[in-house]
Amino acid sequence: MRRALSVLLLLLPLSAISVEKRCGWLENPTPANLWLIDSESEWTLSIQGKGFINEDSIEKMPTIDDNEFVRTNGNYGFSCVCLNVKTNKQRSEILEVYGGEQLLLKKCLEDPSIYKKIPLR
């Protein structure tokens, strides 16, 4: 019993390590299309016709304040966020969202690693 508990305690930190904090542009250019663009990649969250990669993640997405949202296509556009996620790096997909927060647009605009990736398509 003690050994099983020890193994369990060793594995718990490994599950916490798999959560990544990724910050960048949250782009929603058209219905059901959603990406996070950070310094490393353009991460897919949702694709029209396929939906969210993980439907449970929708509830864990941050609420977006219209004052910090740039409209590029009617009600669609982009904002600046940090998300706590699990990713598939080979496919540039976000497999699960654990939470996150919207940041001021200024934060992404002042980040040299993502400034030029602003989603003005």
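How many disulfides does a search of the whole structure find? I ran that search first, and it returned two disulfides. I note at the outset that I am working with a predicted model, so the entries below describe computed geometry.

**Entry: confidence**

I looked up the confidence of the protein chain and found a mean pLDDT of 88, with 86% of the residues reaching 70 or more.

**Entry: Cys23 and Cys82**

I then took up the disulfide formed by Cys23 and Cys82, whose sulfur atoms lie 1.8 Å apart. The pair links distant parts of the chain, with Cys23 in strand 1 and Cys82 in strand 6, 59 residues apart. For the torsion about the S-S bond I noted 105 degrees, and the link of Cys23 and Cys82 is right-handed.

Cys23 counts as partly exposed because its relative accessibility is 31%, where buried would need a value under 20%. Cys82, with a relative accessible area of 7%, is buried.

**Entry: the strands around this link**

Which residue in strand 6 is the bridge partner of Cys23? I found that it is Cys82, and Cys82 is also the residue with which Cys23 forms a disulfide. Looking at the two strands as a whole, I noted that strand 1 and strand 6 run antiparallel and are joined by nine bridges.

Strand 1 also pairs with strand 2, again in the antiparallel sense, over three bridges. In this pairing I found Glu27 opposite Trp35, which belongs to strand 2. Strand 1 and strand 2 form a hairpin, and five residues lie between them.

**Entry: Cys80 and Cys108**

For the disulfide of Cys80 and Cys108 I recorded a distance of 2.0 Å between the sulfur atoms. Cys80 lies in strand 6 and Cys108 in helix 2 (residues 105-109), so this pair ties together parts that are 28 residues apart in sequence. The torsion about the S-S bond is about 80 degrees, and the disulfide of Cys80 and Cys108 is therefore right-handed. Are these two cysteines buried or exposed? I found that both Cys80 and Cys108 are buried.

Counting the bonded cysteines along the chain, I wrote down the pattern of the disulfides as 1-3, 2-4.

**Entry: positive phi values**

Where does Ala32 lie? I located Ala32 in the loop between strand 1 (20-28) and strand 2 (34-37), which is the turn of the hairpin noted above. Phi of Ala32 is near 65 degrees, a positive value in a residue other than glycine. I looked up its accessibility as well, and Ala32 counts as partly exposed because the relative value is 39%.

Ser92 was my other entry under this heading, with a positive phi of about 50 degrees although Ser92 is not a glycine. I placed Ser92 in the loop between strand 6 (76-88) and strand 7 (93-103). The relative accessibility of Ser92 is 18%, so Ser92 counts as buried, the cut-off for that class being under 20%.

Conventions. Residues are numbered from 1 along each chain as its sequence is written. This is a predicted model: local features need pLDDT of at least 70, side-chain atom pairs count only at pLDDT 80 or more; totals for chains, interfaces and linings use all residues. Side-chain values use heavy atoms; hydrogens and water are left out. pLDDT is the predictor's confidence in each residue, from 0 to 100. Helices (H or I, at least four residues) and strands (E, at least two) are DSSP runs, numbered from the N terminus. Buried means under 20% relative accessible area, exposed over 50%, partly exposed in between (1.4 Å probe, protein chains only). Two strands pair if DSSP finds at least two bridges between them. A disulfide is a pair of cysteine sulfur atoms within 2.5 Å.
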